[in-house]
Every structure is written in structure tokens, then in C-alpha cells.
Amino acid sequence: MERRRMELTEKHKTLIEKIGVALEQKGQRPAAARIIGLLYVADTPELTFDEVCEALLLSKSATSNALSFLLQNDMLEYITHCGDRKRYFRLKMANWQDEFVKQMQNITGFNELLQQVLETRTSSTPEYNTKIKELSSFLDYVSGRLPQLMQDWKNKEKNLAA
């Protein structure tokens with residue numbers, strides 16, 4: 001299968017970098033963050049190892065490590081094409097809803113820790129304690145509304161598709 005060489009515009013490169021920085025700020029590794037950015041903006045939803053290396057000017061080692069990390073963390077998957085020995089990497093877009101729910105559950109788990117913190121806090125810092133209570137209350141609010149928000153969104157999407 002012959003593929004044309006991927007050309008990234010300056011706008012693409014800037015966007016990849018912005019996505020990379022945003023993901024790095026959330027704890028993602030730099031090369032992995034840029035690969036995610038690349039896969040979002042690339043003309044094709046799946047790229048080979050060599051295409052990733054070339055597009056991001058990464059070493060083979062850095063690319064290999066980042067792709068392995070992303071595969072292990074269930075953020076990427078790869079496919080193969082009959083008669084082609086190459087692996088084609090792509091974002092796991094099918095599970096974005098599950099990933100979002102998992103992140104919300106992490107927030108809920110953190111809120112449980114905040115509740116424990118409040119039980120152990122001294123009463124000599126009432127303003128600080130109030131801020132923790134507000135945060136905890138807000139996290140409870142968001143967590144309680146999430147299932148309905150997801151359903152509302154699904155209904156909206158279904159109506160738009162009809």
C-alpha cells in the first residue's frame with residue numbers, strides 16, 4: 001500500500017505543540033503528548049511508526065518508547081492491513097466516553113479523600129476548611145449530575161442525527 005508523504009502545515013505544527021503542552025501539564029510524557037497531538041491533526045487517522053518519527057522529528061527510540069507507553073495505557077491501538085507488515089497506530093476514539101467517566105470517577109475518589117481530610121482538619125482554620133467543603137460540595141454536585149449530562153448529550157446527538 002503506497003501512502004503519500006504527510007505534510008504538516010505551520011498551523012498543524014502549532015496545534016500539535018499546543019496539544020502537547022496541554023497534555024504535558026496534565027502529566028503526560030512529552031513525546032507521547034506530541035504523538036497524540038499528531039494523531040488528532042493528521043490527514044489520516046492512522047500513522048505508521050516511520051510517519052510518526054518523520055512528522056515529529058523524534059528519534060526511533062523516543063518514538064518506540066512513547067508508542068509503547070500509549071499502547072500500554074490504552075490510549076492508542078494499532079491495526080494492520082492484509083499484505084502489509086507495518087502497524088498503523090491510531091487514537092482509541094471509540095472509548096472516549098469510558099475514559100471521561102473514568103476521569104470523573106477519579107475526581108469522585110479524590111472527593112472521598114477530601115471528606116476524610118475534613119474529618120481530621122483542625123477547627124482553628126475555618127476559612128480554609130470552608131474552601132475545602134466548597135470544593136467537596138461542588139465535586140459531589142458535578143458527580144451527581146454527570147449521568148444525566150451524558151444522557152442529555154446522547155439524546156441531543158441522536159436528535160441531530162435523525
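In this briefing, helices (H or I, at least four residues) and strands (E, at least two) are DSSP runs, numbered from the N terminus. Helix H3 is followed by Leu 57, whose phi is positive, near 55°. The model is predicted, and local features need pLDDT of at least 70, side-chain atom pairs count only at pLDDT 80 or more, and totals for chains, interfaces and linings use all residues. Residues are numbered from 1 along each chain as its sequence is written, and side-chain values use heavy atoms, with hydrogens and water left out.

**The sheet**

- Three strands form an open sheet in the order S1-S3-S2, with antiparallel pairing; two strands pair if DSSP finds at least two bridges between them.
- Strand S1 (47-48) and strand S2 (76-80) stand at the edges with a single partner strand each, so one side of each has no neighbour in the sheet.
- Strand S2 pairs with strand S3 (residues 87-91) in the antiparallel sense over 5 bridges.
- Within this pairing, Tyr 78 stands opposite Phe 89 in S3.
- Helix H4 (residues 60-72) lies across S2 and S3 and runs at about 105° to S2. Axes are lines fitted to C-alpha atoms, for helices over the stretch in contact, and angles run from 0 to 180 degrees between N-to-C directions.

**Helix H3 and its cover**

- The buried residues of helix H3 (residues 49-56) are Glu 51, Val 52, Cys 53 and Leu 56. Buried means under 20% relative accessible area, exposed means over 50%, and partly exposed lies in between (1.4 Å probe, protein chains only).
- The cover over these buried residues includes helix H1 (10-25), helix H2 (30-41), S1 and H4; contact means heavy atoms within 4.5 Å.

**Positive phi angles**

- Most residues other than glycine have a negative phi.
- Leu 57 is not a glycine, yet its phi is positive, at about 55°.
- Leu 57 has its place in the loop between H3 and H4, and it is exposed, with a relative accessible area of 76%.
- Asp 74 is likewise not a glycine and has a positive phi of about 60°.
- Asp 74 lies in the loop between H4 and S2, where it counts as partly exposed at 39% relative accessibility.

**Salt bridges**

- Side chains of opposite charge can pair when their charged atoms come close.
- A salt bridge is a side-chain nitrogen of Lys or Arg within 4 Å of a carboxyl oxygen of Asp or Glu. By this rule, the count comes to 9 salt bridges.
- Lys 13 forms a salt bridge with Glu 10, and the closest N and O atoms are 3.6 Å apart. The two residues are 3 residues apart in helix H1, so about one helical turn separates Lys 13 from Glu 10.
- An α-helix has 3.6 residues a turn, so residues three or four places apart point the same way.
- Lys 13 is partly exposed at 41% relative accessibility, whereas Glu 10 is exposed, with a relative accessible area of 57%.
- Glu 17 and Arg 34 meet through their side chains in a salt bridge (2.8 Å, N to O). Glu 17 lies in helix H1 and Arg 34 in helix H2, so the pair ties together parts that are 17 residues apart in sequence.
- Glu 17 is partly exposed, with a relative accessible area of 39%, while Arg 34 is buried, at 15%.
- A network of salt bridges links Glu 17, Glu 24 and Arg 34.
- Arg 90 is partly exposed at 28% relative accessibility, and Glu 77 is partly exposed with a relative accessible area of 26%.

**Helix H6 and the surface**

- Trp 153 is found in helix H6 (residues 126-161) and is partly exposed, with a relative accessible area of 32%.
- Trp 96, Phe 100 and Trp 153 form a nonpolar patch on the surface, with about 280 Å² of accessible area together.
- Patches are made of residues with over 30% relative accessible area and no salt bridge; like charges are joined within 9 Å, and nonpolar side chains (Val, Leu, Ile, Met, Phe, Trp, Tyr) within 5 Å. Accessible areas come from the Shrake-Rupley method with a 1.4 Å probe, and for residues only the protein chains shown count as cover.
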